[in-house]
Amino acid sequence: MIDDITMKIRAERLIRAALEEDVTSEDLSTCCVLKERTEGEAELLCKQDGVIAGLPVFARVFEILDENTKVTCFVKDGDSVKKGERLAVVRGDMRAILTGERTALNFLQRMSGIATYTAQIVKLLEGSGLKLVDTRKTTPNMRLFEKYAVRMGGGGNHRYNLSDAVMLKDNHIGAAGGVKKAIAAVKAYAPFTVKIEVETENLAMVQEAVEAGADIIMLDNMNDDDMRAAVKLIAGRAQVEISGNVTKENIARLKNIGADVVSSGALTHSAPILDVSLKNLHPIK
């Protein structure tokens, strides 16, 4: 799980890498316009309704460039925001504000877009008892931020990376020679504290996974009738996860299947950005 402390520990290196990508030697445009430190202020404005996420990352971009920068936020991560709302004020050296603007907004727009999309799907699942989680289908080097954004939108995190949990997918099962052999191999190798999740594509695989003692059984790209039959077959002997091309447009049909969890790669790979902008930069005394 990605929490605030984890963000503080791990985000710094990634934020600096993003800045290094955008500035290889100098910000040429800014250096032409401003020759020395000049105090200024800009407003962070929301241009569409949504859920905000990434404000500490947004602020940290400017603090790295100028430790005296002050970002005053009027909302917090996870808050619903409205078009036209004033979200924050950035005050400091205008050179730092200009140089950091795009990087800071890239983080904030991407994270807020994911939080907004997640919140929309969570609302569609209200009353169902079905928990929404993300996947590893994230932008390279952005997973920390994207999974954090899912949580800010009211969703949950699946495993963070390959070291977190055992998930036996179709190719693992093929390599091992079948579901039962794959599970037996895990039990022989992995610590007893590790749960075993198995991806299944049909009822025969579900039956094998139950008999072999899987802890979590994923129903991958099954039709509704087969998923209901699988839930009855499992009969509470394992947690049930639904997965496979789950989006905002089709998730409502899964509410009454009887599963415990639904995972959606769309939360991170298909969410549009939330449009926010840094405006009205001006010198101050």
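1. Glu 211 counts as partly exposed in this predicted model, its relative accessibility being 48%. Its salt-bridge partner is Lys 180, with 2.9 Å between the closest N and O atoms. Because Glu 211 belongs to helix H8 (residues 203–212) and Lys 180 to helix H7 (residues 179–189), the pair ties together parts that are 31 residues apart in sequence. Lys 180 is likewise partly exposed, at a relative accessible area of 40%.

2. A second pair to look at is Glu 146 and Arg 110, whose side chains meet in a salt bridge at 3.2 Å, N to O. This pair links distant parts of the chain, since Glu 146 sits in helix H5 (residues 143–152) and Arg 110 in helix H4 (residues 94–124), 36 residues apart. Glu 146 counts as buried, with 0% relative accessibility, and Arg 110 is also buried, with a relative accessible area of 17%; the cut-off for that label is under 20%.

3. Arg 95 and Asp 93 form a further salt bridge, in which the closest N and O atoms are 2.7 Å apart. Here Arg 95 is partly exposed, its relative accessible area being 29%, whereas Asp 93 counts as buried at 5% relative accessibility.

Methods:
Residues numbered from 1 in each chain as written. Predicted model: local features only at pLDDT ≥ 70, side-chain atom pairs only at ≥ 80, totals over all residues. Heavy atoms only, no water. Salt bridge = Lys/Arg side-chain N within 4 Å of Asp/Glu carboxyl O. Buried < 20%, exposed > 50% of the residue type's maximum accessible area, 1.4 Å probe, protein only. Helix = DSSP H or I, 4+ residues; strand = E, 2+ residues; numbered from the N terminus.
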